[in-house]
Amino acid sequence: MVRADIDHYLIAPDPGRAGLTRRLSGVDETGTEAYLGVIEERPLTIFLNGQEIVTAMTIGDYPEYLALGFLHNQGMLAPGEAVVGVDFDEELETVVVRTDGQTTYEGKLKKKTRTSGCAVGTVFGDMMEGLEGLTLPEAEVRTSWLYALAGRINRTPSLYLEAGAIHGSVLCERDRPLVYMEDVGRHNAVDKIAGWMVAEGVSGGDKILYTTGRLTSEMVIKCAHMGIPVLASRSGFTAWGVDIARQVGLTLIGRMRGRRFQCLSGNERLTRDADPKGAAQEDRKHRRKGGEA
């Protein structure tokens, strides 16, 4: 790991943070006793003003960002609506997001869709709501940025490399990774990034979102709601995810490992300024990262 790779980040994973993993004993294939660091997961209940919205299973870091990003990506925070408080109670395992006006979440709560994913996400209301007429900025993407990002992200110490059983998402600007979030569900990791963007007033028009998870309809929709025009993943696609990406003008890049990738939407915005043969091959320890699970 090169120190400069960590210095690029505004927020990077902290694998040694207390409470994220627990050391458990077991036996290996030979019957020999072994100790393994295992990811902790815990419930977090999100409230909007006085209404309970959802309970998510999460690793427990950045709960305020997770709550804020989830509500934003669900369309439960109206444009121009000011958030006046985000309060986390560790003992009660709750986050309460408070706004300055009347909320309109009641109708959304009546319709709930369970989405694909290892930790099972939940979408309230019409999944396509807010995408009608939406066209994302026509942002250029350079292949040299993609190769540089993949290398830097793979070299970053993470919970995945420490314990596995987790997904990561990274907000990037050109070839610089900015905010790297992890969680048991890829949707949670993305919502944490969305929450950070809302809290810091950061726009997505010039950003790239990198994820280790599948490029499903849910992931594409979240990216569109965040205003990010480029979504890249180590993993593969679903057909509906590709359809939505093409509808909103999102550049969609998957199966991005080492020198290889596939672009199924937005190829006209790709600038191929790097010879794939010059890109570094992945180390063996990274090849299982971001599998199809």
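A crossing of two helices is right-handed if the near helix is turned clockwise from the far one by less than a right angle, and left-handed if anticlockwise. In this predicted model, helices H7 and H8 cross in the right-handed sense.

**The helix pair**

Two packed helices are described by the angle between their axes and the distance between the axes. Here the axes of H7 and H8 come within 7 Å and cross at roughly 25°. That makes H7 roughly parallel to H8, because angles under 35 degrees count as such.

H7 brings Ser217, Val220, Ile221 and Ala224 to the contact. H8 brings Trp240, Gly241, Ile244, Ala245 and Val248. By class, seven of the contact residues are nonpolar and two are polar. None is charged.

**The sheet**

Strands of a sheet pair through backbone hydrogen bonds, either parallel or antiparallel. This open sheet has six strands, in the order E11-E10-E12-E13-E14-E15. Its pairing is mixed. E11 and E15 are the edge strands, and each pairs on one side only. Neighbouring strands are turned by 20° against each other on average, direction ignored.

Inside the sheet, E12 and E13 pair in the parallel sense over four bridges. Tyr210 has Ala232 in E13 as its bridge partner.

H8 also packs on the sheet, where it touches E14 and E15. The direction of H8 makes about 65° with that of E15.

The elements named here run as follows:

| Element | Residues |
|---|---|
| Helix H7 | residues 217-225 |
| Helix H8 | residues 239-248 |
| Strand E11 | residues 176-183 |
| Strand E12 | residues 208-211 |
| Strand E13 | residues 230-233 |
| Strand E14 | residues 251-257 |
| Strand E15 | residues 260-265 |

Methods. Residues are numbered from 1 along each chain as its sequence is written. This is a predicted model: local features need pLDDT of at least 70, side-chain atom pairs count only at pLDDT 80 or more; totals for chains, interfaces and linings use all residues. Side-chain values use heavy atoms; hydrogens and water are left out. Axes are lines fitted to C-alpha atoms, for helices over the stretch in contact, and angles run from 0 to 180 degrees between N-to-C directions. Helices (H or I, at least four residues) and strands (E, at least two) are DSSP runs, numbered from the N terminus. Angles under 35 degrees count as roughly parallel, over 145 as roughly antiparallel, 65 to 115 as roughly perpendicular and the rest as oblique. Contact means heavy atoms within 4.5 Å. Ala, Val, Leu, Ile, Met, Phe, Trp, Tyr, Cys and Pro count as nonpolar, Asp, Glu, Lys and Arg as charged, and the others, Gly among them, as polar. Two strands pair if DSSP finds at least two bridges between them.
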